[in-house]
10 protein chains.
Amino acid sequence: MSQTAEIPSNNQPYADLPPIISKLFEAKARKGLTFEDLAKTIGRDEIWVAAVFYGQAKMDPADLDALAQALDIPTVAIQKQLGSHWWPNRGLGPMPPTDPVLYRLYESVLVYGHAIKAVIHEKFGDGIMSMIDCKVNVTKKPDPKGDRVVLTFDGKFLPYAKW
Amino acid sequence: MSQTAEIPSNNQPYADLPPIISKLFEAKARKGLTFEDLAKTIGRDEIWVAAVFYGQAKMDPADLDALAQALDIPTVAIQKQLGSHWWPNRGLGPMPPTDPVLYRLYESVLVYGHAIKAVIHEKFGDGIMSMIDCKVNVTKKPDPKGDRVVLTFDGKFLPYAKW
Amino acid sequence: MSQTAEIPSNNQPYADLPPIISKLFEAKARKGLTFEDLAKTIGRDEIWVAAVFYGQAKMDPADLDALAQALDIPTVAIQKQLGSHWWPNRGLGPMPPTDPVLYRLYESVLVYGHAIKAVIHEKFGDGIMSMIDCKVNVTKKPDPKGDRVVLTFDGKFLPYAKW
Amino acid sequence: MSQTAEIPSNNQPYADLPPIISKLFEAKARKGLTFEDLAKTIGRDEIWVAAVFYGQAKMDPADLDALAQALDIPTVAIQKQLGSHWWPNRGLGPMPPTDPVLYRLYESVLVYGHAIKAVIHEKFGDGIMSMIDCKVNVTKKPDPKGDRVVLTFDGKFLPYAKW
Amino acid sequence: MSQTAEIPSNNQPYADLPPIISKLFEAKARKGLTFEDLAKTIGRDEIWVAAVFYGQAKMDPADLDALAQALDIPTVAIQKQLGSHWWPNRGLGPMPPTDPVLYRLYESVLVYGHAIKAVIHEKFGDGIMSMIDCKVNVTKKPDPKGDRVVLTFDGKFLPYAKW
Amino acid sequence: MSQTAEIPSNNQPYADLPPIISKLFEAKARKGLTFEDLAKTIGRDEIWVAAVFYGQAKMDPADLDALAQALDIPTVAIQKQLGSHWWPNRGLGPMPPTDPVLYRLYESVLVYGHAIKAVIHEKFGDGIMSMIDCKVNVTKKPDPKGDRVVLTFDGKFLPYAKW
Amino acid sequence: MSQTAEIPSNNQPYADLPPIISKLFEAKARKGLTFEDLAKTIGRDEIWVAAVFYGQAKMDPADLDALAQALDIPTVAIQKQLGSHWWPNRGLGPMPPTDPVLYRLYESVLVYGHAIKAVIHEKFGDGIMSMIDCKVNVTKKPDPKGDRVVLTFDGKFLPYAKW
Amino acid sequence: MSQTAEIPSNNQPYADLPPIISKLFEAKARKGLTFEDLAKTIGRDEIWVAAVFYGQAKMDPADLDALAQALDIPTVAIQKQLGSHWWPNRGLGPMPPTDPVLYRLYESVLVYGHAIKAVIHEKFGDGIMSMIDCKVNVTKKPDPKGDRVVLTFDGKFLPYAKW
Amino acid sequence: MSQTAEIPSNNQPYADLPPIISKLFEAKARKGLTFEDLAKTIGRDEIWVAAVFYGQAKMDPADLDALAQALDIPTVAIQKQLGSHWWPNRGLGPMPPTDPVLYRLYESVLVYGHAIKAVIHEKFGDGIMSMIDCKVNVTKKPDPKGDRVVLTFDGKFLPYAKW
Amino acid sequence: MSQTAEIPSNNQPYADLPPIISKLFEAKARKGLTFEDLAKTIGRDEIWVAAVFYGQAKMDPADLDALAQALDIPTVAIQKQLGSHWWPNRGLGPMPPTDPVLYRLYESVLVYGHAIKAVIHEKFGDGIMSMIDCKVNVTKKPDPKGDRVVLTFDGKFLPYAKW
């Protein structure tokens with residue numbers, strides 16, 4: 001749904017990001033696009049595109065062009081702030097997070113972290129699930145008792161070096 | 001692979017759990033069972049069974065019986081400490097976690113938390129993914145460039161009450 | 001009681017909220033309305049309306065229209081900042097809170113948290129009181145020895161999933 | 001339901017409490033009593049009795065006698081540790097709490113704290129809801145869409161002194 | 001001693017307070033008044049008046065009038081920011097405090113807190129000294145070995161509710 | 001009131017103190033003495049004696065003798081642990097304190113700290129109230145509306161050195 | 001060495017200080033003066049003068065005059081912000097400090113704190129070295145193996161009050 | 001003054017140190033030796049010897065022999081725990097320290113840290129005072145207005161590498 | 001690759017640095033220079049030059065001239081903010097760091113810190129690797145299984161003083 | 001140099017590790033072996049072997065055999081605690097570390113972290129240096145001005161996934 005939006009650039013989490021970020025969000029709202037719409041247009045996944053909007057992923061020049069076109073913003077305006085000289089300073093906001101959506105993710109580490117670690121070791125040996133070579137996905141799973149969110153992390157297993 | 005194991009009950013994270021927990025781990029090692037094996041025997045998922053082993057989930061009497069049988073431990077020994085009078089005091093260990101496996105999960109909140117939240121809202125509206133009515137799953141996905149860990153959270157969407 | 005008010009938008013907790021928030025408070029003061037008055041006009045409860053004023057709840061377009069009308073503010077001015085593109089980033093201010101009103105609520109968790117948890121488990125089993133599907137209410141209970149505040153949380157019980 | 005229980009006195013939150021506390025819990029389990037049962041026997045509310053069990057409230061000699069009788073524990077054993085020389089050192093466990101039941105209470109302060117404060121001030125003026133002269137209550141409210149927990153704080157309003 | 005003063009409103013602790021606060025301090029300096037002088041004029045104690053200046057206490061309309069008159073500031077200018085719509089968000093600055101004057105007060109809790117608690121319980125029973133119904137006072141006690149500061153808290157004893 | 005007491009030496013705050021401390025408390029309870037009683041016997045103030053019991057003040061040999069006599073404990077048993085080789089490692093327990101009695105003292109710094117500092121400077125100039133050369137006192141002030149706790153700090157003013 | 005300097009007043013630690021502070025530093029650089037030079041001109045020690053520049057010490061009117069003259073700044077400009085109405089809010093910057101010079105001082109407490117405390121008690125008894133009546137000094141001690149910094153604290157011993 | 005001492009090895013700061021440490025302190029007390037006495041016997045400075053007693057410095061075999069002889073403890077008993085296989089894990093106790101003696105040292109960093117840094121840079125250039133090649137000294141300076149503690153750090157200046 | 005860049009000076013970590021820093025980064029991007037290019041031009045190592053850009057190292061006047069020339073910025077503009085009156089206030093950003101590149105460095109201390117310490121002591125004795133007289137280097141090591149980052153710290157060993 | 005050693009298993013960092021760890025250290029000291037000696041015998045690098053001793057790396061059965069043989073400890077004793085059922089819970093000790101050797105490593109992140117990140121990005125693009133596929137090495141580099149520690153991290157570069 002298209003609407004006129006004002007993103008206060010001094011509000012969290014925008015205040016820690018380049019100011020063009022607010023403009024991206026305002027353009028996305030003005031054009032009434034979801035991240036899913038944008039992702040299809042650009043040829044990427046919606047979570048990755050959303051990560052770009054929160055300054056957590058880096059687009060290459062072709063991505064930036066496609067984004068600029070999709071949002072009707074001059075490419076140069078985006079490149080000035082998010083171009084090849086810019087590297088994301090990842091991580092956003094204080095921990096533990098206070099927003100309930102974010103906190104439930106954090107709680108998953110508190111409650112299920114040790115169980116997940118134990119099963120990873122049993123299935124793969126001594127190593128980790130990479131959060132760098134990792135794809136993240138959110139889908140909606142209809143359910144008569146209430147729809148469900150299916151959140152998936154698909155990360156490469158990295159065994160510890162021995163030397 | 002069966003082996004004789006000693007779980008020092010004053011080591012983290014066991015020190016914060018009922019002492020029977022060490023005995024469960026030692027019996028599991030002695031019988032050479034994985035959480036997957038145990039889960040099949042009991043008729044549950046492996047992550048949920050692992051969560052029980054870390055004191056993060058509560059078995060009912062029938063579950064406890066099945067577990068006791070699978071591990072050759074007297075049911076009463078388990079029930080004394082994990083029986084119906086016991087309620088998990090969930091959450092285990094300091095945050096941020098220092099172990100790299102756990103930290104990478106924590107990092108997923110830092111880096112992708114806002115993107116996940118934004119997509120949940122776009123797909124479902126104002127609400128959260130429940131971490132209470134949530135099923136957690138870890139599978140191994142073979143890949144010629146290196147096997148991948150697929151970690152899935154399947155949680156009910158809960159819309160915020162308005163009143 | 002109507003009065004001319006100035007809400008400094010860089011004061012806590014307003015500094016972390018969209019600037020229209022200050023305007024809402026100023027209009028409410030100028031018109032001499034309480035949250036109870038506003039809630040009646042809009043057809044909602046006063047705590048929920050107050051939560052909106054602190055950026056902790058999301059109104060749908062009809063709510064925003066009603067609020068705009070009640071406060072004599074153009075709907076579009078509110079929608080620009082709190083419209084459908086906006087999702088609350090809930091949680092407000094540092095913890096532990098320093099204001100005595102807020103601290104006493106925090107203290108209730110410190111002192112009575114374990115007792116409340118134990119009784120919830122005895123009455124409902126293993127699960128939680130939802131803070132998402134929860135209605136919060138404050139009423140005044142006259143008492144000759146000094147009036148009393150009655151604060152009620154009415155939240156859905158959510159049992160833990162077993163899988 | 002009566003059962004043989006073992007409360008490991010070095011587990012949290014028991015490790016910070018007098019060791020007789022474990023014995024009280026074990027006796028309560030052995031006799032199959034709920035806090036509601038105990039409260040009726042002693043003539044108190046269940047949350048207050050549960051608070052005693054977590055070392056957060058102080059019984060007078062008559063209360064201790066009644067408790068000892070209800071649990072078949074010699075009064076002197078309880079009085080040695082919880083008698084008139086003992087004063088609760090209230091507060092239990094690290095904050096923010098990690099257990100989801102406790103965390104949801106904590107989250108209520110994060111999300112609804114400012115709204116509650118605002119409405120208290122509008123209804124009562126400048127002052128607080130006492131957490132000392134406060135009665136806490138948990139009841140079960142059946143609901144076809146899922147039973148609800150109703151948690152009530154009934155605390156005296158205390159106006160700030162001016163001098 | 002009268003002087004021209006400039007209170008930088010972005011310096012701590014003023015930055016967390018309504019901007020009129022700086023004006024109150026500047027007017028007080030310009031007129032060469034101490035808090036004792038102001039307190040006498042207004043008919044209050046100096047610590048309470050100082051608390052108002054630090055945004056920690058709330059004046060009623062008559063107090064604000066008297067203050068405005070004493071400082072030659074238009075009442076309306078003060079009322080806009082500290083009027084009936086404004087409620088103090090008490091607490092000021094990070095803890096532990098770094099300023100030695102404030103730290104020594106904090107240190108009194110570290111060193112003498114348990115002793116004070118023990119004596120309060122022995123003299124009054126289970127309960128607290130209210131910090132809401134409490135009057136604070138600072139006087140100078142001449143002493144040939146060096147003048148002494150006498151700081152007094154006179155707070156109502158509140159016994160814990162039993163229910 | 002005399003009673004048999006057991007002070008669990010691994011409970012806070014005793015766990016951080018020499019074990020003789022528990023014995024002192026148990027003897028005091030067995031003999032039914034208050035700190036006021038002990039203070040009169042020894043010729044000191046009750047808060048200072050209580051501070052000794054919490055390991056926060058150092059008695060000289062004559063004080064220790066008097067204390068040993070008052071409690072019927074052999075002097076040598078006390079001197080072994082609290083004798084001339086022992087120096088208090090002052091400070092007791094985590095901050096912010098969770099017990100409401102202690103927290104209210106802490107809150108006095110949060111709410112009235114700046115006001116107290118300002119008035120000290122106005123009355124004495126640039127310097128502090130010493131917490132080393134400071135006498136602390138608690139008295140009961142009867143009041144028909146509820147008895148009051150009067151807590152007094154009488155500390156030497158120390159001006160800042162200029163050099 | 002004289003130079004044109006610009007002190008960004010929003011950089012740490014200047015951002016927490018009155019803005020005149022930046023002007024003092026700029027004037028000092030412009031005139032090419034060291035703290036030692038300034039101290040000689042004013043008749044004080046260089047560390048104390050440097051403490052004034054960092055808002056950690058309070059000059060009296062005569063000091064301010066001398067400083068204004070030495071720096072060619074109008075006295076009134078300094079007095080407006082650092083005059084008799086101003087009291088230092090001491091303490092500067094987060095702890096532990098991250099700058100290696102500051103951290104090494106902090107490390108001295110971590111590593112040698114207990115040793116220093118033990119020797120002070122052996123030489124003086126129960127009490128402290130005052131940081132209020134304390135003179136701090138830095139001198140350069142030439143050494144063929146590398147010059148040495150000699151940092152001296154000369155503070156009054158304060159014995160604990162007994163009462 | 002010789003005395004029989006008992007150092008509870010589970011008291012802070014001894015609990016984090018090898019248990020032989022308690023024996024060293026007890027022997028020192030039994031023989032009535034100060035750190036100054038011990039230092040003279042061993043041919044070292046008293047602060048360095050005290051640092052050894054708090055596990056913050058490492059003696060070579062000859063030092064250990066001399067210490068063992070001075071305290072009438074078998075060398076082998078000390079070498080087993082503090083011998084050549086042992087390396088101090090320096091740093092002792094939580095920060096900020098709560099004991100007033102330690103806190104005043106910490107406060108010196110808060111209040112005078114920036115001034116000390118500025119003067120070191122002016123006198124030496126860009127670099128630090130080493131806390132590794134540093135000698136620490138405490139002396140008593142008699143003064144009719146009250147004896148003074150003179151605490152000196154004599155540390156090598158280390159310029160930053162440029163490469 | 002040359003590009004027009006805008007570095008928002010209120011973004012982290014630039015917000016804590018002199019504003020000229022943003023200009024340096026913008027000029028470097030405009031001229032399409034890497035730190036390696038700049039380092040060769042100036043005759044320094046690239047990590048040291050990058051440290052200068054992040055305000056963590058201090059250039060002497062000749063370095064500043066060379067930098068100004070390499071970037072086509074007037075020397076005086078740089079000297080005003082980074083000249084001889086300026087001393088780095090080292091340390092940048094909150095810890096633990098959230099960006100994955102920085103966090104992996106931090107993790108190396110968590111996981112390998114004790115092993116590195118043990119080997120340093122075995123090879124060198126009691127002392128440290130200086131981080132002041134230390135050269136840091138990053139090189140790219142091609143590898144068919146994926147290129148590798150080789151990060152080297154070459155720091156002087158400093159033995160602890162004994163005195 | 002061979003010696004009889006006693007490693008107190010309740011001292012940090014051993015207290016958080018399986019108790020066999022103390023036995024490994026004691027055997028290593030008794031046999032007078034360095035980590036370099038052990039590494040050669042086992043066919044591994046010394047830092048990796050030291051990491052095993054601090055519970056930060058996992059040996060396979062063949063490694064454990066070799067270690068047991070080198071230390072004259074029965075293999076089964078080691079396998080019981082560090083065998084195939086055991087997975088390191090990596091991370092050791094509080095942060096920031098207080099020991100100067102560890103702190104200097106931590107300081108390298110504070111001071112050079114951003115510079116290292118910038119150069120990694122310039123040389124490799126958007127990604128990280130893996131701390132999982134990373135080899136760590138410490139060597140001694142003789143230098144007439146004082147020997148130098150050369151610490152090297154050789155970690156695989158991991159580019160961020162785009163999806």
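A residue is called buried when its relative accessible area is under 20%, exposed when over 50%, and partly exposed in between (1.4 Å probe, protein chains only). This is a predicted model, where local features need pLDDT of at least 70, side-chain atom pairs count only at pLDDT 80 or more, and totals for chains, interfaces and linings use all residues. Residues are numbered from 1 along each chain as its sequence is written, chains are lettered from A and ligands numbered from 1 in the order in which they are written, and side-chain values use heavy atoms, leaving out hydrogens and water.

View 1. At 1% relative accessibility, I:Phe35 counts as buried, and so does I:Phe25, at 9%.

**View 2. In chain H, H:Phe25 and H:Phe35 form an edge-to-face pair.** Rings of Phe, Tyr and Trp (its six-membered ring) pair if their centres lie within 6.5 Å; planes under 30 degrees apart count as stacked, over 60 as edge-to-face and the rest as tilted. Here the centres are 6.4 Å apart, with 90 degrees between the planes. H:Phe25 belongs to helix H1 (residues 20-30) and H:Phe35 to helix H2 (residues 35-42), so the pair ties together parts ten residues apart in sequence. Such helices are DSSP runs (H or I, at least four residues), numbered from the N terminus.

**View 3. Look for a charge over a ring at H:Arg44 and H:Trp48.** The charged end of H:Arg44 is 5.0 Å from the ring centre of H:Trp48. This label needs NZ of Lys or CZ of Arg within 6 Å of the ring centre and within 35 degrees of the ring normal. In chain G, G:Lys28 lies over the face of G:Phe35, 4.2 Å from the ring centre.

Terms used. Helices (H or I, at least four residues) and strands (E, at least two) are DSSP runs, numbered from the N terminus.
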